[in-house]
Amino acid sequence: MDRRRLCALMMLWAVVLQPGQLSCPGCSLRALRRTTGGRRGLTGQDANGVPLRRSKRGWMWNQFFLLEEYTGTDMQYVGKLHSDGDRGDGSVRYVLTGEGAGTLFKIDEKSGDIHATKRLDREEKAYYILHAKAVNRLTNEALEGESEFIIKIHDINDNEPRFTKDPYIARVAEMSDVGTSVIQVTATDADDATYGNSAKVVYSILEGQPYFSVDPETGQRRLQRSNFNAFHFSLTQRNQPGFPRNPPASPPLKLPPPGGAGRGGEGRRDLLQISRPKDLLLIITPLDYEKKRQYSLRIQVENAIINPRFYSMGPFRDEASVKVVVEDVDEPPVFERPSYIMEVREDAARNAIIGSVSASDPDDKHSLVRYTIDRRTDMDRVFNVHAGNGSVFILRELDREGNAWHNISIIATEFNNPRQISRVPVYIRVLDVNDNAPTFATNYETFVCENAKANQRIQIVSATDPDEPLGGHRFIFSLAPEAVGKANFSVRDNKDNTAWILTRRNSYNSLQKSVYHVPVVITDGEFPVQSSTNTLTIRVCTCDREGNMKLCNPEALTARAGLSTGALVAILLCVVILLMIVVLFAALRRQRKKEPLIISKEDVRDNVVSYNDEGGGEEDTQAFDIGTLRNPEAIEESKQRRDIIPETFYPPVRRPVAPPPPSRDNNGDVRDFINQRLQDNDSDPTAPPYDSLATYAYEGNGSVAESLSSLESVTTEGDQDYNYLSEWGPRFKKLADMYGGDDSDS
């Protein structure tokens, strides 16, 4: 019985502790097979001889194993789902849900086979939780409850150990005892530490024996020998034997001494030096492979501070030979000069060569060089360069007065490597040619007094010339040949590039000639000779005894005191602007709308309208044309004149005036007068509109002072005949109505 128990434990260990063996289809099938019933029967006896019976159980699985980093061509088989309700007729459908279902893991709905579709990495995810169930394909009803299971990814030794630092740097005192702890190094492994020896790290030294040793399990490094100054050694870490994987990582470990000094040798301190405290050999001067390809140095190192107890073990210095080899690199072309200066006469012909540049490839291959001009420095394309030999020539005519210097850049490019280019500045000076004639330095204009004396100085003149001769300017002044015989003035050259204008007679008369124009010839002293004739204007003026000008002719006054052209133009513009403002203001006033006659919002009949039209009298309402107040479109074509009574259509009607009733009312006559005028206006078709106000002046009757009218100054009322008033026209109609007619009317 003990032997059978041992065999059972070994099988259990093989299944549980060695999951890598479960990748075979047979093992997975047994692990995933489900039994739901079966007959209860005797399956054996236990150790005491009691018969064993099989009991009904559900799913017998809840954890499965799958190796990571599967490298096969087919999908990796995981296992199989099977239900006792599946009779193989296709009525059962197996469903898989959970992490990775449908993407990482797929199930055959009919057979229940589960496969992994991709390579899995345990370091990314160690296990997956899924759910499985069997349902009726037609009704989609679950045949059994949903069960949960885990697919655990088994680790393989696919990660190399890594040091936590790279590099490790430690210091140890010299002459330290053997076994002194130097540094603790640590390496980690991403593999599963709970499974096998994949994550177990073993330390060893690749370089450094016999000076150092390392504990293979802890990584503690210790000193084995002490007679060294500095040491560079490498450590390695690996998995336990039997689990090799990737090449080991080897970080360097530098152990410089705590003191020491170094210096360069063989006179090369101008090129190389040692930098402290890192003891690095530095280049302090650029090296040239074409000039020198290697350097040999002697370097000495010694302790700066020595422990007195080690004096007997000296000397504490050492020397070493160092050879520095210079490597060649592709360099750009090099010009023979850092810059070029060229000169050219301004009258040089086109395509004339003015100089050349030269560059070469310093490398051993000596590549050919091509020359071009940087057009950003020659936008006008005045110059060009020959691509092969570097000759510089001109493309356009030059003008020194416009531009005396031209600064351009020439580019040299290697034919074999166009990226290797270099530039050089070229300064081109344009030399002067005597091609300009001298002229007056300014527009000279002066005056001469009428009482001037002969040979009297009246004006000094000078000249200017845009040319710049090497020896400076030398101008010669003289009177024009055509004016020598009849000249009223002379020119005296001062030999200093100036000249005086002198009078040649004692007096001048402004009435005979008020203005003189003196032609002066200016000649330079260069070759070819250039000259020009300039005119000096001299006006005759009246002066006092001291020679101060008092009065000149109108032309001279205008010329001296007159305004300049710019001032006249400005004044003219101001006048034009003022005129435009006035015209615009007048136009705006014309377009301005008239104010309405009736401003108040009350009834128009309650407003008094003034027309400012003087009539013929108090009773004259026909002197103006009321049609101007009406709509012009409503006016009849045959409109009658309003200043003449239309007797043809409306003969004059004499209305008797009713005698005032006997009353003692003092205002009765006024009331009767207003009623009579109202009746007249209502029955008169030529009267103004109803909304007009007619004003009458009525003095009344019965005055104590009697009438002051001149009509009664000659005779009495009964002696006068007023019928002639009706012949005087409409202006006297009211007066004729009042005084004309029978005596009863009065």
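The model is predicted, so to speak of local features we require pLDDT of at least 70 and count side-chain atom pairs only at pLDDT 80 or more, while totals for chains, interfaces and linings use all residues. Residues are numbered from 1 along each chain as its sequence is written, and side-chain values use heavy atoms, with hydrogens and water left out.

I begin with the chain as a whole. Its secondary structure comes to 6 helices and 41 strands; helices (H or I, at least four residues) and strands (E, at least two) are DSSP runs, numbered from the N terminus. Of the 746 residues, 29% count as buried. Here buried means under 20% relative accessible area, exposed means over 50%, and partly exposed lies in between, with a 1.4 Å probe and protein chains only. The accessible surface is about 50100 Å², and 52% of that belongs to carbon and sulfur atoms; these areas come from the Shrake-Rupley method with a 1.4 Å probe. Among contacts (heavy atoms within 4.5 Å) between residues at least 6 apart in sequence, 62% join residues at least 24 apart.

I turn next to helix α5. This helix has 16 residues and reaches 23 Å from its first C-alpha to its last, close to the 22 Å expected at 1.5 Å a residue; the expected span is 1.5 Å times one less than the number of residues. Which residues of α5 are buried? They are Gly 668, Asp 669, Phe 673, Gln 676, Arg 677 and Asp 680. These residues lie on the same side of α5, because they cover an arc of only 165° around the axis, the arc being that of the directions from the helix axis to the C-beta atoms. An α-helix has 3.6 residues a turn, so residues three or four places apart point the same way. The face turned away from the buried side of α5 carries the exposed residues Ile 674 and Asp 682.

Beyond this helix, in the loop between α5 (668–683) and α6 (733–739), we find Phe 732. Phe 732 is partly exposed, at a relative accessible area of 33%. Together with Tyr 724, Trp 728, Leu 735, Met 738 and Tyr 739, Phe 732 makes a nonpolar surface patch of about 550 Å². Patches are made of residues with over 30% relative accessible area and no salt bridge, with like charges joined within 9 Å and nonpolar side chains (Val, Leu, Ile, Met, Phe, Trp, Tyr) within 5 Å.

Finally, the salt bridges. A salt bridge is a side-chain nitrogen of Lys or Arg within 4 Å of a carboxyl oxygen of Asp or Glu, and the count comes to 20.

One of them joins Glu 99 and Lys 125, whose closest N and O atoms are 3.6 Å apart. The pair links distant parts of the chain, 26 residues apart: Glu 99 lies in the loop between β5 (92–98) and β6 (105–107), and Lys 125 in the loop between β7 (113–116) and β8 (127–136).

Another joins Asp 374 and Arg 423, at 2.7 Å from N to O. Asp 374 lies in the loop between β28 (369–373) and β29 (383–385) and Arg 423 in strand β32 (residues 421–431), so this pair ties together parts 49 residues apart in sequence. Asp 374 is buried at 9% relative accessibility, whereas Arg 423 is partly exposed at 44%.

A further salt bridge joins Glu 401 and Arg 400, at 3.2 Å from N to O. Salt bridges that share partners join Arg 400, Glu 401, Asp 432 and Glu 468 into one network.
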